[in-house]
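Student: Can we go through this complex together? I would like to know what the model says, chain by chain.

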Amino acid sequence: MTATVSAEAALALGDDALVLSHRLGEWAGHAPVLEEEVALANIALDLLGQARVLLSQVGDEDELAYLREERAFRNLQLVEQPNGDFAHTIARQLYFSTYQHLLYGELAAGGGEFTALAAKAVKEVEYHRDHAEQWTLRLGDGTEESHGRMQRACEALWRFTGEMFQPVPGLELNWTDLEARWTTSVTSVLDRATLTVPEGPRTGAWAAGAGRQGLHTESFGRMLAEMQHLHRSHPGASW
Amino acid sequence: MSTHDWPLWEVFVRSRRGLSHTHAGSLHAPDAEMALRNARDLYTRRSEGISIWVVPSAAISASSPDEKDSFFDPAADKPYRHPTFYEIPEGVKHL
Amino acid sequence: MTGVTATATAAAGTDASSLAVFDAAVAADERIEPRDWMPEAYRSSLVRQMAQHAHSEIIGMQPEANWITRAPSLRRKAILMAKVQDEAGHGLYLYSAAETLGTGRDELLDKLHSGRQKYSSIFNYPTLTWADVGAIGWLVDGAAITNQVPLCRCSYGPYARAMVRICKEESFHQRQGYELLLTLSKGTPEQHAMAQDAVNRWWWPSLMMFGPPDDESAHSAQSMTWKIKRHSNDELRQRFVDIAVGQAEGLGLTLPDPELRWNEERGHHDFGEIDWTEFWEVLKGNGPCNEQRITQRRRAHEEGAWVRDAAAAYATKQQTTHQATQQTQPAQQATAAAAQHPNGEATA
């Protein structure tokens, strides 16, 4: 594994995609309607594809996915949060895909080493963001129950959104500007969905940027245990 | 809990430029926006399309099989609408 | 129900001339389309079969989805997710086909959830190891394909068209299973043993997928006359066994049947007696996972009710707003909205 600056960035973006893809994969067979089984799987597959390209830039994709310990993962805490109900999943999708869309948009235009990947991924992510927006509107402005659930979900995940804008070494971006655009975009969707933009803190009491430094939430360890156990049970085997 | 079904939509997909939209199948969706998205996810997973139409199934008027005879049979005895009806002397080209 | 699926037969009655037209069409290998007159028994037989087929796709997602989160490589994980997603898609195609006969999906799902309609019993067996994912692909999908290919020529148009699409998409399902098992078989001794164990457990249930022997099959004869079905259960089962034997050799795995051997005279493989008691028990609901599969399906549906209701409520609100503003604005009708595929223009 080469410890270049861009490797750190590839790990951060790759782990985001890998972990969120895994969480979305947990929906298989549990989605609220069959059409949504197909939609969520499409998003999960796009993300897994992105993860594989990014991790392969750093080393062997499977070694990185299956043999790293929890503290070595660089993903945001947001993407590792359990699925919860459909509203939580959609809120997580809205927050993250808006971020990823802006980020890949910048990288695609930037001419750096992520340009090719970002140019492909930005189209995929644009669709993910649209999917999240459509559902946010429907859940927010649907029934009283769905409104309540969606509002609670937006609030529950709000405190994980500040971390997204901690600069990632190797990505030359205007992070302050990215955050401002993210806030504008998310605010606009929440407004139209008749939801209230949460007012709580955007970061927890821990140091901001925790996930990027390998500090994760408790459920992440169990997620990895499940994801890695088979691979680790057969050291050196091919699959 | 109201378990009323989402309406049914008919999906038409244009597979590539130069071709018409062709009926691909149907699906359920609460509204046109979601119907388009569901159609994209369901019917173009393997790059089968570049453009999609969705139409509420209820909005389609179909000819009835009972009217089949009066609708379609009368066209059968008008062979003069087809080029093969006409005799052209041998050797005449581009006609 | 709807414009295209309207059940025109209600008015037509069962006059002899309608039946003669129907019989002639089936005899001439023409397709029957939704609004054509058809015997009531043909209609109900089709709805039952298409619904059962759709339910099987949907329930069939569960045993494989059981391994998505544990897939041992990212490549395998992508393949498995795509496959389980295809199954949801195939369920949707089949529910659509069933709906052309006027039975809504909600009604069909309700029958599944209450146990009034069945799904393929094979999915009442558990997936205990990763190799089971391979065995399902190779044997279960293999058996399904053997059953399904003839359905592409089924006399009912919408069913036949759905099957054409499904068979095309499923061609990768069996191959990935075979490749998965081959990798295990050639891998470490533990992996090889895992593969053999999975084949041992899935072989007999796969043979049961073709249904009871011909002389005990309740619906077979009539379905064959109507060309809903093209070959008998035993015929298809034999075809499957003959193909699987060579494939097992290619895998370096054995099939768990001491009586399996080539019969020169018949030109087919002989094979041992299927445990039909087990088949009927699983069918009756006493398989290892019957309860679990239906409970999960029902829970997903019930827990999703508020989501479906929300989207329906939103659509109603939007329509009301739209109608209110339409008086002042020029109506730009948007029921047939067009979308460009965001993944680029694949002009050939």
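Tutor: The questions below go from confidence to chain C, then to chains B and A.

Student: What kind of model is this, and how are things numbered?

Tutor: This is a predicted model, in which local features need pLDDT of at least 70 and side-chain atom pairs count only at pLDDT 80 or more, while totals for chains, interfaces and linings use all residues. Residues are numbered from 1 along each chain as its sequence is written, chains are lettered from A and ligands numbered from 1 in the order in which they are written, and side-chain values use heavy atoms, with hydrogens and water left out.

Student: What ipTM and pTM does the complex get?

Tutor: The predictor gives an ipTM of 0.96 and a pTM of 0.91.

Student: And what is the average pLDDT of chain C?

Tutor: Chain C averages 89, and 89% of its residues score at least 70. pLDDT is the predictor's confidence in each residue, from 0 to 100.

Student: Where is pLDDT under 50 in chain C?

Tutor: One such stretch is residues 330-348 of chain C, with 37 contacts beyond four places in sequence. A contact means heavy atoms within 4.5 Å.

Student: OK, how many helices and strands does chain C have?

Tutor: Chain C has 14 helices and three strands. These are DSSP runs numbered from the N terminus: helices are H or I with at least four residues, strands are E with at least two.

Student: What share of chain C is buried?

Tutor: Buried residues are 56% of the 348 in chain C. Buried means under 20% relative accessible area, exposed over 50%, and partly exposed in between, with a 1.4 Å probe and protein chains only.

Student: Switching to chain B. Which strand pairs with strand 1?

Tutor: Strand 1 (residues 8-14) of chain B runs antiparallel to strand 3 of chain B, joined by six bridges. Pairing needs at least two DSSP bridges between the strands. Trp9(B) stands opposite Pro56(B) in strand 3.

Student: Why call strand 3 of chain B largely enclosed?

Tutor: Five of the six residues of strand 3 (residues 51-56) of chain B are buried, so the rest of the structure largely encloses this strand.

Student: Last one, chain A. Where is Ala91(A), and is it buried or exposed?

Tutor: Ala91(A) is in helix 5 (residues 86-110) of chain A. Ala91(A) counts as buried because its relative accessibility is 0%.

Student: What does it touch?

Tutor: Leaving out residues up to four places away in sequence, Ala91(A) touches Met150(A), Ala153(A), Cys154(A) and Leu157(A).
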